[in-house]
Amino acid sequence: MNDDFDFDFDLDELAPADPASADAVERFWSGDLRALSQHHTTPNGSHSFVVAHDQSVTWGVPGEPQIMAIAVARDLSRFTFTLETSYHATVSFAQAWLVERGCPPEKIAKIHGDAVKPADDLTLQVEQQIRGSGTRYEVLDTHTSDFDPSETWTLTRDTQPSEAPIRVFHEMWDHAAGTYTMREGAFADEDAAHAWLDDRDGPLPEPPEYRYADGAVLRARAALSRSADTPAIPKAGVAAPRTPPAAPGRRPAQGQLL
């Protein structure tokens with residue numbers, strides 16, 4: 001990937017296929033976007049898939065997600081295109097959105113640029129699980145924090161489990177080590193999940209299926225995801241906290257660039 005990618009989707013001779021695409025391209029401005037990963041189909045270049053960090057959100061509404069997923073589909077026989085965008089708290093959820101729109105997961109998984117890294121195998125496994133989840137997780141809420149605590153979380157409803165269907169995907173940063181962790185927590189309902197997020201009065205409750213999983217299987221899955229093409233995770237700024245500090249600043253965040 002070219003780190004100087006300028007978001008030229010080669011749409012000059014194409015017309016929007018629908019009003020939503022016309023509105024999306026009218027509102028689209030790449031000035032504050034930094035591409036983290038991209039994939040373009042060949043040979044005709046009919047589709048483009050991009051994960052980007054929107055740096056402008058850092059200075060906007062506290063807690064808002066900063067990762068943008070962009071999907072472009074061109075109908076070269078009709079000279080039209082569709083353009084969709086979606087915001088996410090973490091790169092793995094942005095990747096999952098693009099995979100649902102036809103992007104091969106291995107083509108969008110690799111992140112380019114200056115990078116902090118996953119801290120452990122479980123982080124890799126949880127991210128891989130999200131990336132391939134399809135429509136499994138209904139996102140209910142997200143929050144991104146630049147400062148103490150330096151974290152993001154995504155609150156979801158999991159459509160698969162028979163118990164503890166509310167899942168929290170919690171990402172925490174260790175600045176000194178240059179790493180981050182991603183953990184999945186399970187709750188009976190949204191109130192219980194929000195209570196934990198507000199109080200942090202104990203460890204994040206593990207999903208019940210962890211108790212039944214073969215540890216060797218979990219380790220093997222993580223090892224498979226940690227190949228030569230395992231994505232390094234770029235540094236990035238994230239949105240300001242609910243109570244901003246005296247002076248502005250940014251911290252590294254998963255899939256985002258300073």
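Leaving aside residues up to four places away in sequence, Thr154 is in contact with Ala89, Phe93, Val139, Asp141, Thr142, Arg167, Val168 and Phe169. These contacts are taken from a predicted model. Thr154 itself lies in strand 8, which spans residues 151-158. The relative accessibility of Thr154 is 2%, and the residue is therefore classed as buried, since the limit for that class is under 20% relative accessible area.

At the level of the whole chain, the secondary structure consists of 7 helices and 11 strands. The chain has 258 residues, of which 46% count as buried. Among contacts in the chain with a separation of 6 or more, 58% are between residues 24 or more positions apart. The accessible surface of the chain amounts to about 12600 Å², and carbon and sulfur atoms contribute 49% of that area.

On the surface, a patch of negative charge is formed by Asp6, Asp8, Asp10, Asp12 and Glu13. One of these residues, Asp8, is located in the segment that precedes strand 1 (15-16). Asp8 has a relative accessible area of 53% and is therefore assigned to the exposed class, for which the value must be over 50%.

Note on methods. Residues are numbered from 1 along each chain as its sequence is written. This is a predicted model: local features need pLDDT of at least 70, side-chain atom pairs count only at pLDDT 80 or more; totals for chains, interfaces and linings use all residues. Side-chain values use heavy atoms; hydrogens and water are left out. Helices (H or I, at least four residues) and strands (E, at least two) are DSSP runs, numbered from the N terminus. Buried means under 20% relative accessible area, exposed over 50%, partly exposed in between (1.4 Å probe, protein chains only). Contact means heavy atoms within 4.5 Å. Patches are made of residues with over 30% relative accessible area and no salt bridge: like charges are joined within 9 Å, nonpolar side chains (Val, Leu, Ile, Met, Phe, Trp, Tyr) within 5 Å. Accessible areas come from the Shrake-Rupley method with a 1.4 Å probe; for residues, only the protein chains shown count as cover. A salt bridge is a side-chain nitrogen of Lys or Arg within 4 Å of a carboxyl oxygen of Asp or Glu. Lys and Arg count as positive and Asp and Glu as negative; His and the chain ends are not counted. The place of a charge is taken as NZ of Lys, CZ of Arg, CG of Asp or CD of Glu.
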